[in-house]
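Welcome! Here is a friendly tour for someone meeting this structure for the first time.

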Amino acid sequence: MEKRLIKKDALTGIIGKIAQEAVVFAPVKVEDNVLFKALEKGEEPFLTYANSKNAPKNHFFPRSEVMLRYTRTAKGVEFAGGQKEAEATVLFGVRPCDARSFVLLDLLFDQEKYKDPYYIDKRQKATIVALACVHPPYATCFCTSVDGHPLSADGADVLLTDLGEEFLAEFVTPKGEKLLKYFGDVKADAAAEAKKEAVAEQAAKEIKSHIPAREVKPIMDANFDSPFWNTIHQKCIACGTCTYLCPTCHCFDITDEMKRDDGRRLRNWDSCMYPMFTKETSGHNPRPTQRERWRQRAMHKFSYYPENFNAIACVGCGRCVMYCPVNLDIRKIVTDISKL
Amino acid sequence: MQNPYIPYPVEVVKIVTEVDTKDIKTFRLAFVNKEDEEKFKYIPGQFAELSIFGKGESPIGIASSPTQPGYVEFTVQKAGVVTSALHEMEVGTRMGLRGPLGNSWPIEFLEGKNVVIVGGGFAFTTLRSLINYMIFGDNRKRFGKITVVYGARNPGLLIYKDELEAWSKRDDIDLNVTVDKGDAAWKGREGFVPTVCKEVGPSPENAVTVICGPPIMIRFTLPVFFELGFSKETIITSLEMRMKCGIGKCGRCNVGSKYVCKDGPVFTFAELDKLTRDF
């Protein structure tokens with residue numbers, strides 16, 4: 001693996017150079033929020049951020065995207081074209097938890113039998129430059145409980161680690177190596193690697209929140225009908241914030257809209273927290289109350305995904321915990337179930 | 001990469017109103033491009049998304065059999081936005097078809113066995129596909145005795161009446177059609193499906209039961225088959241759930257870890273026992 005050292009103040013210049021040749025998405029301050037957005041000409045990213053409010057999955061799986069278009073003809077309404085091809089992009093400054101979410105989403109969208117062309121096209125054309133969490137930013141961070149690490153390179157093509165005076169840049173994949181030319185020619189020495197190891201150890205120690213995520217599946221499975229589920233959802237207002245901010249939530253709705261003779265079919269994020277999500281035309285709803293919906297969300301992440309893909313569908317970013325308007329906490333739920 | 005979200009263009013070539021209440025119709029769809037028909041190779045028990053641009057999509061079981069080339073048929077009840085739009089359609093209209101989706105009736109497992117088919121109401125569509133497949137030409141030799149119990153609330157609600165008539169004339173299929181309550185013209189059997197199943201009393205010896213119908217029918221029919229000696233491994237059904245993508249991505253049709261759209265819709269009752277009761 002190629003490794004380089006760069007001076008800290010060189011980073012902004014490097015991003016600027018990359019941005020001349022590809023669309024760069026990076027954290028930017030928008031009013032009170034840090035959001036991932038495409039850098040405009042000359043715009044600099046906000047590099048002292050904790051994490052973005054929105055998960056960068058939006059980039060491969062947009063909140064709303066056109067799947068196909070159609071038009072009215074004499075014969076009826078007919079197909080008029082699919083989605084245009086994605087352009088090459090670089091996602092700069094993705095946190096390791098969010099980078100890992102791409103690996104988890106790949107498992108679903110890029111399966112052997114059923115491939116999702118919209119996701120795959122954008123994903124293949126993007127290079128992920130991750131920025132390690134030398135000091136995990138939030139008290140709600142729990143990546144180490146769900147197979148992650150603040151310095152993990154999982155899902156990243158390039159991993160940047162702040163070593164104090166300089167950044168260590170590790171070029172993890174061939175896609176990442178294509179960016180090598182921007183990062184100068186100072187190769188990382190053994191001292192830098194030793195320093196990174198020390199930083200990694202310290203960073204993991206700074207994560208104070210731990211949950212028994214790996215152990216909880218059999219207990220959840222055995223307690224599907226437990227009275228445990230009867231009360232935990234009671235304060236949930238079904239706003240869906242948890243699922244919208246979640247880097248691994250992938251549920252969507254497909255809707256049609258037509259104006260005069262032209263129309264389009266869209267897919268929009270949907271949420272298992274919503275009553276209509278599973279409601280059938282007959283009126284029957286297999287998940288009739290928030291109880292079943294909460295159970296579904298918890299079990300999808302910690303039981304069903306592990307069963308289907310051998311991976312927990314949670315990266316421990318803590319967004320759902322931080323932004324839940326009624327302070328529901330998935331960490332507490334997983335922990336409480338493990339004690340049943 | 002073939003885009004699984006883009007439907008094949010098809011044309012409505014025939015519409016049959018199946019029931020007196022006129023809210024169940026069978027639509028025969030022919031592919032606009034011949035090569036699409038080659039790509040749409042299906043097995044009885046699979047379903048497809050009927051796609052109406054401007055309205056949406058609806059997942060419907062395939063009612064025709066692959067032994068009927070040139071078209072695909074769907075029997076649809078008028079219920080929501082898409083199915084209502086479909087019911088407004090006339091012969092010659094173009095629409096979309098996306099699929100085939102899901103697993104299928106386990107044809108290989110049924111081969112060499114006696115097959116008992118139990119259907120209720122309009123949930124007879126993919127069973128009709130299976131029957132037409134099994135009795136077609138040389139296919140018939142691959143299966144043992146075929147027993148069918150099919151019931152509806154009243155004679156006017158029986159679907160595929162012409163085919164029922166034709167099947168009743170064959171000696172290689174034991175057809176038992178029943179209605180909950182007959183009318184003045186009804187000469188056939190009266191009685192609920194579970195009762196009729198008990199009277200017909202198929203042997204569990206080397207036999208499989210394939211059952212589709214309203215939940216209430218299934219609830220009362222299952223014990224009959226357990227009593228006859230059928231095991232949960234030899235009773236098969238097909239589930240329905242709200243679906244969108246049909247390929248296990250959009251996340252709403254799961255029962256436990258299984259997606260009805262791609263891991264189902266066909267399950268044995270032994271398999272369903274292992275799943276959570278979330279449907």
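The briefing below goes through domains, sheets, helices and contacts, grouped by topic.

This is a predicted model, in which local features need pLDDT of at least 70, side-chain atom pairs count only at pLDDT 80 or more, and totals for chains, interfaces and linings use all residues. Residues are numbered from 1 along each chain as its sequence is written, while chains are lettered from A and ligands numbered from 1 in the order in which they are written.

**Domains of chain A**

- Chain A is divided into domain 1 (2–62 + 75–206) and domain 2 (216–338), with bounds that come from an automatic or database domain assignment.
- The C-alpha centres of these two domains of chain A lie 26 Å apart.
- Where they meet, 23 residues of domain 1 of chain A are in contact with 19 residues of domain 2 of chain A; two residues are in contact if their C-beta atoms, placed from the backbone, lie within 7 Å.
- Helix 2 of chain A gives the largest share of the domain 1 side, 8 residues. Helices are DSSP runs of H or I with at least four residues, strands are runs of E with at least two, and both are numbered from the N terminus.
- By class, that side of domain 1 of chain A has 13 nonpolar, 6 polar and 4 charged residues. Here Ala, Val, Leu, Ile, Met, Phe, Trp, Tyr, Cys and Pro count as nonpolar, Asp, Glu, Lys and Arg as charged, and the others, Gly among them, as polar.

**The sheet of chain A and its helices**

- In chain A, 7 strands form an open sheet with mixed pairing, in the order 1-9-8-7-6-2-3; two strands pair if DSSP finds at least two bridges between them.
- Strand 1 (2–7) and strand 3 (33–38) of chain A are the edge strands, each pairing on one side only.
- From one strand to the next, the twist averages 25°.
- Helix 1 (residues 11–21) of chain A packs on this sheet, touching strand 1, strand 2 (23–30), strand 6 (89–94) and strand 9 of chain A, and its direction makes about 130° with that of strand 2 of chain A. Axes are lines fitted to C-alpha atoms, for helices over the stretch in contact, and angles run from 0 to 180 degrees between N-to-C directions.
- Helix 2 (residues 96–109) of chain A lies across strand 6 and strand 7 (126–131) of chain A, at about 145° to strand 7 of chain A.
- Strand 8 (residues 158–162) and strand 9 (residues 166–171) of chain A pair in the antiparallel sense over 5 bridges, and A:T161 stands opposite A:L168 in strand 9 of chain A.

- A:M220 is found in helix 6 (residues 216–222) of chain A.
- A:M220 counts as buried because 23 other C-beta atoms lie within 10 Å; a residue is buried if 20 or more other C-beta atoms, placed from the backbone, lie within 10 Å of its own, exposed if 12 or fewer, and partly exposed in between.
- Not counting residues up to four places away in sequence, A:M220 touches A:M299, A:F302, A:S303 and A:I337.
- A:M220 and A:I337 are 117 residues apart along the chain, and their C-alpha atoms are separated by 6.7 Å.

**Chain B: domains and strands**

- Chain B is divided into domain 1 (8–101) and domain 2 (107–238), whose centres, taken over C-alpha atoms, are separated by 24 Å.
- In chain B, 16 residues of domain 1 are in contact with 15 residues of domain 2.
- Strand 1 (residues 8–17) and strand 2 (residues 24–31) of chain B pair in the antiparallel sense over 7 bridges, and B:K14 stands opposite B:R28 in strand 2 of chain B.
- These two strands of chain B form a hairpin with 6 residues between them, and B:K22 in the turn has a positive phi of about 65°.

**Helix 7 of chain B**

- Buried residues in helix 7 of chain B are B:M217, B:T221, B:L222, B:V224 and B:F225.
- They pack against strand 7 (114–120), helix 6 (193–200), strand 11 (207–212) and strand 12 (235–238) of chain B.
- B:G229, with a positive phi near 110°, follows helix 7 of chain B.

**Where the chains meet**

- The contact takes 33 residues from chain B and 36 residues from chain A.
- On the chain B side, strand 4 (56–61) and strand 6 (94–101) of chain B are the elements that give two or more residues.
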